[in-house]
Amino acid sequence: MDRITQTMDSGDSILEQDRCFYEKQIAPMIHMDFTAYEKRIAVGVVGEGSDCFGYDDEISRDHDFGIGVCLWITDDDAKFIGEQLQKRYQEMLIEWIHKNPAIHSSPEILNEHLVQRRGVMTIRRFYENILGFRIDPANPTINNAAWFYTDEWKFAAATNGIVFCDELGQFSSIRNEILQYYTEKVWRMRLTNELHEFSAAMQANYARCMARGDLIASNYCKTRSIDAAMNIIFLLRRSFAPYYKWKFRAFRELDGSEELAIIFEEAVVMQPDLNHWKDYTYDPRRINTSDPLLMQFERIAKILADYLYTYGLTDNHELYLEAHCNSISSGIK
């Protein structure tokens with residue numbers, strides 16, 4: 001049996017398989033064929049895809065799945081070795097696939113989307129493609145506008161996964177800059193936005209929608225408030241929330257999220273029921289305590305308000321979360 005095949009098992013996580021591919025196939029190739037650039041090539045698995053978060057499973061493997069690593073180089077180095085390095089990478093990848101048939105049945109598994117996410121790319125282009133704005137590897141600073149207007153999942157995708165090697169340090173310098181997290185101003189702005197979203201959806205508009213008998217809009221209010229509540233906790237934990245498909249999975253991994261996770265799961269299966277609103281006269285100053293779904297979100301609001309108080313962001317435990325926005329925004333300088 002081939003020595004490399006012995007090191008692999010189809011039950012290994014994809015990141016473990018990627019690491020083995022790097023150590024057994026890519027690292028020796030770089031050392032032998034690109035000796036002068038060996039310390040200038042960063043290698044790892046970072047970016048879009050459930051595998052980069054360590055969330056891949058049998059279901060997620062129906063698309064964009066396979067072994068591969070990213071090789072990040074500078075713009076200048078790309079001019080000299082970019083094409084040759086990519087050619088050698090592809091040869092090593094095909095060789096690896098044939099040596100590990102239990103993981104890949106054929107090279108055809110490598111679809112075009114996965115190919116675009118792996119292989120040789122410049123450091124600048126990698127981050128630019130994910131974040132949507134330019135960042136200088138030599139001076140990796142992010143201004144407040146970019147911090148505020150860029151979707152949060154993009155920052156999560158730019159900092160997930162694992163970096164196997166980066167002696168040059170340019171790739172990691174940008175990664176570390178992002179991991180420093182939002183500036184205080186942007187952090188508070190984003191937090192107030194999510195508090196407003198939670199209150200507007202389930203503490204204001206839900207009652208209006210139910211009073212009108214609009215169940216679709218009422219369900220939308222429920223979904224928006226759950227999303228806002230998760231975003232609030234991610235912000236308080238200073239952790240980037242990933243793409244919505246994986247947000248709850250990542251949320252459950254945050255410290256202290258257990259109680260809220262259970263309440264969210266209960267709320268998801270609860271449906272707006274117009275029977276609870278038959279004898280209720282709409283009044284924006286009153287809460288319809290007979291609606292169990294609405295009261296479920298008051299439980300969520302209490303937990304969030306207590307967190308805000310514990311973090312020193314407010315001086316009271318008011319359940320209407322919009323009321324805390326002024327206190328939080330007053331700290332914006």
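Two residues are in contact when they have heavy atoms within 4.5 Å of each other. Keep that in mind for Lys247: leaving aside its neighbours within four places in sequence, this residue is in contact with Asp227, Met230, Asn231, Phe234, Ala241 and Pro242. Please note that the model you are looking at is predicted.

**The chain as a whole**

- The chain has 333 residues, and 47% of them count as buried.
- Among contacts with a separation of 6 or more, 71% are between residues 24 or more positions apart.

- Lys247 sits in helix α12, which covers residues 244-251.
- Is Lys247 buried or exposed? Lys247 counts as buried because its relative accessibility is 9%, and the cut-off for buried is under 20%.
- Glu194 belongs to helix α10, residues 184-212.
- Glu194 is also buried, yet it has no salt bridge. Its nearest side chain of opposite charge is that of Arg190, 5.8 Å away, whereas a salt bridge needs the side-chain nitrogen and the carboxyl oxygen within 4 Å.
- Not counting residues up to four places away in sequence, Glu194 touches Ala228, Asn231, Ile232 and Leu235.

**One side of helix α9**

- In helix α9 (residues 170-179), the residues Phe171, Ser172, Ile174, Arg175 and Ile178 are buried.
- Why do they lie on the same side of α9? They span an arc of only 160° around the axis, so they share that side.
- Their cover includes the strands β1 (42-45), β2 (70-73) and β4 (162-165), together with the helices α6 (123-131), α7 (144-149) and α8 (152-158).
- After α9 comes Tyr181, which has a positive phi, near 80°.

**The nonpolar cores**

- In soluble globular proteins, nonpolar side chains tend to be buried together.
- Here, the largest nonpolar core has 73 residues, and Tyr127, Ile178 and Leu191 have the most contacts inside it.
- Which helix gives the most to this core? That is α10, with 11 residues.
- Leu191 touches Ile232, Leu235, Leu236, Leu308, Leu313 and Ile328, not counting residues up to four places away in sequence.
- A second, separate core has 25 residues, including Cys20, Leu71, Ile73 and Ile97.

Definitions and conventions:
Residues numbered from 1 in each chain as written. Predicted model: local features only at pLDDT ≥ 70, side-chain atom pairs only at ≥ 80, totals over all residues. Heavy atoms only, no water. Buried < 20%, exposed > 50% of the residue type's maximum accessible area, 1.4 Å probe, protein only. Helix = DSSP H or I, 4+ residues; strand = E, 2+ residues; numbered from the N terminus. Lys, Arg positive; Asp, Glu negative; His and termini not counted. Arc of directions from axis to C-beta. Core = buried A, V, L, I, M, F, W, Y, C linked by side-chain atoms within 4.5 Å.
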